[in-house]
Amino acid sequence: MPELPEVETVANGVHARICGERIEAVWLGGKPEPFKTEPAAMAAALTGARIAGVRRVGKHIVFDLERELAAGAETSLVPQWIVHLGMTGRLLVVDPEIPRPKHTHAALSLSSGRELRFVDARRFGRLALYPAGAPSRSANHTGLNQERSPGGSAAEGFRGPGREPLTISADDFAALFRGRKLAIKAALLNQSLLHGVGNIYADESLFRAGIRPATPAGRLSRTRLARLHAALQAVLRAAIELGGSSISDYVDAAGVRGFFQLEHKVYGKEGEPCAVCGTPVRRTILGGRSTHFCPRCQR
DNA sequence: ATACCGACCTGTCAGC
DNA sequence: TGCTGACAGGTCGGTA
């Protein structure tokens, strides 16, 4: 479901609502739930912690936590709580009186009396702890992908599997694709290269850059990659501005739908005339994913 | 190492 | 109305 702009919208919304609150109690659903971390360990780490901040890293939502200590004690290291929404995951901040909807997998009771819920029908979402002060090596332990950070084992916390599309330079962006034979669209979707880009924004940025999705990534000229870099950042920023794309049931932490779907040029537009040249938008399958492009504008 | 493909789940919607 | 099959914004593990 959610890609970078939607995850950013959710993270910002949750941050604004619950930053500074203490987690009083933790409920985790039974059965085969989407926990990468053992539920008992996760509940123990969360209970009593204070939420210092909520932010997006790639498509992951990172909860920075703090723990109050007895006077004089040294600052303890606290793990981070990592939430991945998968396709249908939602994070909601609600009154606990409201009945928990079907497919609720976690509920955190907060000091304000409200409840933070993780609801995910399709169960592609994931909840995990990222150990405090963990260098990049601990990825296997948590089951979370993690970019290898060269050298320094500084406790920067979770950094995600790949590079951040909004801040990567055009040169570094181009370097990601050097020598690669896979389709540029598949490369954009590869989270260990660039994290946060999903099917919608891959299609939309390739359209705006005038690049055919099936083009081998390593064959694109410097100039065209520069155009793609600019298009991708522009599309992501515009989408964040509009609160993301609501295709079916995506809503932010307050239940508000995004509006970027109104700006889609090719995604979900099969057969409709291209907004630029009028040629019908074509849909194919690439890397197992539905792919949309204008056969005239994208070469 | 790189690239491809099916599997994982449930819900929804089009078509019969 | 009800059934069936295709499809959905994401990742992961196995295979070539």
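Here are a few friendly notes on this predicted model.

1. Ground rules. Residues count from 1 along each chain as its sequence is written, chains are lettered from A and ligands numbered from 1 in the order written. Local features need pLDDT of at least 70, side-chain atom pairs count only at pLDDT 80 or more, totals for chains, interfaces and linings use all residues, and side-chain values use heavy atoms, without hydrogens and water.

2. Helix H7. This helix covers residues 222-241 (helices are DSSP runs of H or I, at least four residues, and strands runs of E, at least two, numbered from the N terminus). Its 20 residues should span 28 Å at 1.5 Å a residue, and the end C-alpha atoms lie 29 Å apart, which agrees; the expected span is 1.5 Å times one less than the number of residues. Just after H7, Gly243 has a positive phi of about 80 degrees.

3. Thr291. This residue sits in strand E10 (residues 289-293) and is buried, at a relative accessible area of 0% (buried is under 20%, exposed over 50%, partly exposed in between, with a 1.4 Å probe and protein chains only). Its neighbours in contact (heavy atoms within 4.5 Å) include Asp203, Pro213 and Leu286, leaving aside residues up to four places away in sequence.

4. Polar partners of Thr291. The Thr291 side chain makes a polar contact with the side chain of Lys185 at 3.1 Å (N or O atoms within 3.5 Å; within protein, one able to donate a hydrogen and the other to accept it, and residues adjacent in sequence count only if both atoms are side-chain atoms).

5. Phe259. You will find Phe259 in the loop between H7 and strand E9 (282-286), partly exposed at 47% relative accessible area.
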